[in-house]
Amino acid sequence: MKPHTAGTFAVVALAAAALFLLHRLIAPILWASVIAVATWPVHERLRRVGGGGGGSGTASALILTGAVVLFLVVPVTFLGLRAWREAPELIALWTTSRQSGLQTPDWLATLPWVGPWAAQQWHLILGEPGALDSYGRSILGALDFARGRSLLGEIARHAMAFFFCLLVLFFLYLDGDLVAQQIDTVVARQLGPAGRRTLVVVVRSVRGAVNGLVLVGLGLGVLMAVAYELAGVPHPAALGLATGLLGTVPFGAAMVLAPVALYLFAVGKTTAAMVLIAAGALTIFLVDHFVRPVLLAAGLRLPLVLALLGIVGGLETFGVLGLFLGPTLLALVAAVWRELAAPPSPGDEAAARP
């Protein structure tokens with residue numbers, strides 16, 4: 001075996017061993033990498049403001065890591081407090097359903113188009129005494145036995161993944177410059193100028209995906225929460241949060257807007273429902289067809305159809321992380337294709353002549 005071949009084999013074997021060792025932590029590491037790449041310009045500004053210059057930027061790393069904690073923990077805490085406030089009413093409802101079944105709400109039958117069918121389904125599924133109890137136990141059983149993990153075990157697993165994501169993110173902020181320099185050196189040595197250009201595309205794609213999905217979803221959630229409040233919808237903040245989360249996926253916000261509008265029709269707030277539909281549909285249309293494509297196109301340099309395919313395909317394959325990996329992967333494929341399909345330069349043509 002030649003020395004060069006042996007060295008390549010050793011590197012591949014070591015990489016495979018490392019991936020096998022860390023395969024349960026790959027998702028947290030990828031999440032930390034996506035967040036670090038997307039927020040690196042902010043990290044550099046904070047270092048300059050703090051006088052860090054080319055130093056480690058420990059203060060900036062602590063600030064940004066803390067910001068990520070707040071960004072993720074605050075919505076979960078809000079939903080938890082909301083659920084805690086609603087717990088007594090839910091317990092009373094559960095107790096009543098075990099004795100006499102869960103009665104069909106009066107407003108359900110008045111829903112436009114689907115009211116009678118929805119009321120009938122409610123009566124068949126939840127109208128019998130103990131039906132809600134059996135339905136809830138079946139869901140908990142599916143979570144516990146079908147997936148082979150208890151609910152507490154699942155929560156502990158996600159908490160541990162979140163901890164390691166924050167740990168990796170903090171050290172990426174501290175040593176990101178060195179890691180980026182090493183990656184650039186390896187890519188330039190192994191793949192040449194084309195590899196370095198592709199590396200730039202990857203970084204730009206991740207930032208474009210974050211701007212086009214997360215930031216747009218947050219803005220949409222805030223706007224719709226205000227609209228829900230003005231329309232008199234119960235729990236507008238929670239519904240706005242749900243709209244923002246689903247709004248990270250194109251056309252996902254409509255999945256919250258539609259039932260909210262139907263509820264307003266059912267309780268007799270016809271004018272509020274029509275205004276909410278018009279304003280919400282217009283906002284979602286502008287976001288999905290103009291704002292998001294501009295941000296995605298600026299970062300990914302992809303046609304809109306490929307960006308949408310990357311989002312949907314990534315979500316189906318990798319889960320929530322695929323919202324960023326999918327478009328980035330297609331942007332990488334498109335960049336490689338452009339390199340291969342580019343017309344040859346005069347120097348290449350001269351070298352190709354016999």
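This report walks through the cores, a helix pair, a pocket and one arginine in a predicted model.

## Ground rules

Local features need pLDDT of at least 70 and side-chain atom pairs count only at pLDDT 80 or more, while totals for chains, interfaces and linings use all residues. Residues are numbered from 1 along each chain as its sequence is written, and side-chain values use heavy atoms, with hydrogens and water left out.

## The nonpolar cores

Let's start inside. The largest nonpolar core has 15 residues, and Tyr228 and Leu276 have the most contacts inside it. A core here is a set of buried Ala, Val, Leu, Ile, Met, Phe, Trp, Tyr and Cys residues joined through side-chain atoms within 4.5 Å. Buried means under 20% relative accessible area, exposed over 50% and partly exposed in between, with a 1.4 Å probe and protein chains only. Helices H6 (151–231), H8 (254–266) and H9 (270–300) each give two or more residues to this core, and H6 gives the most, with five. Helices are DSSP runs (H or I, at least four residues), numbered from the N terminus.

Leaving aside residues up to four places away in sequence, Tyr228 touches Val233, Pro236, Leu239, Gly240, Thr243, Val256, Leu257, Val260 and Leu276; a contact is heavy atoms within 4.5 Å. A second, separate core of 13 residues includes Trp40, Leu64, Val68 and Leu166.

## H7 against H8

The axes of H7 (residues 236–246) and H8 come within 8 Å and cross at roughly 145°. Those axes are lines fitted to C-alpha atoms over the stretch in contact, with angles from 0 to 180 degrees between N-to-C directions. On the H7 side the contact uses Leu239, Ala242, Thr243 and Leu246, and on the H8 side Met255, Val256 and Val260.

## The second largest pocket

This pocket is lined by 22 residues, with Ser33, Val37, Ala180, Ile183 and Val203 nearest its centre. A pocket is an open set of points on a 1 Å grid over the protein atoms alone, where a 1.4 Å probe fits, with protein on both sides within 12 Å along at least five of seven lines; lining residues have an atom within 4 Å of a point. H6 supplies the largest share of the lining, 12 residues.

## Arg292

Arg292 sits in helix H9 and counts as buried because its relative accessibility is 1%. Beyond four places in sequence, Arg292 touches Gly212, Leu213, Val216, Gly247, Thr248, Val249, Pro250 and Val287. The C-alpha atoms of Arg292 and Gly217 are separated by 9.3 Å, though the two are 75 residues apart along the chain.
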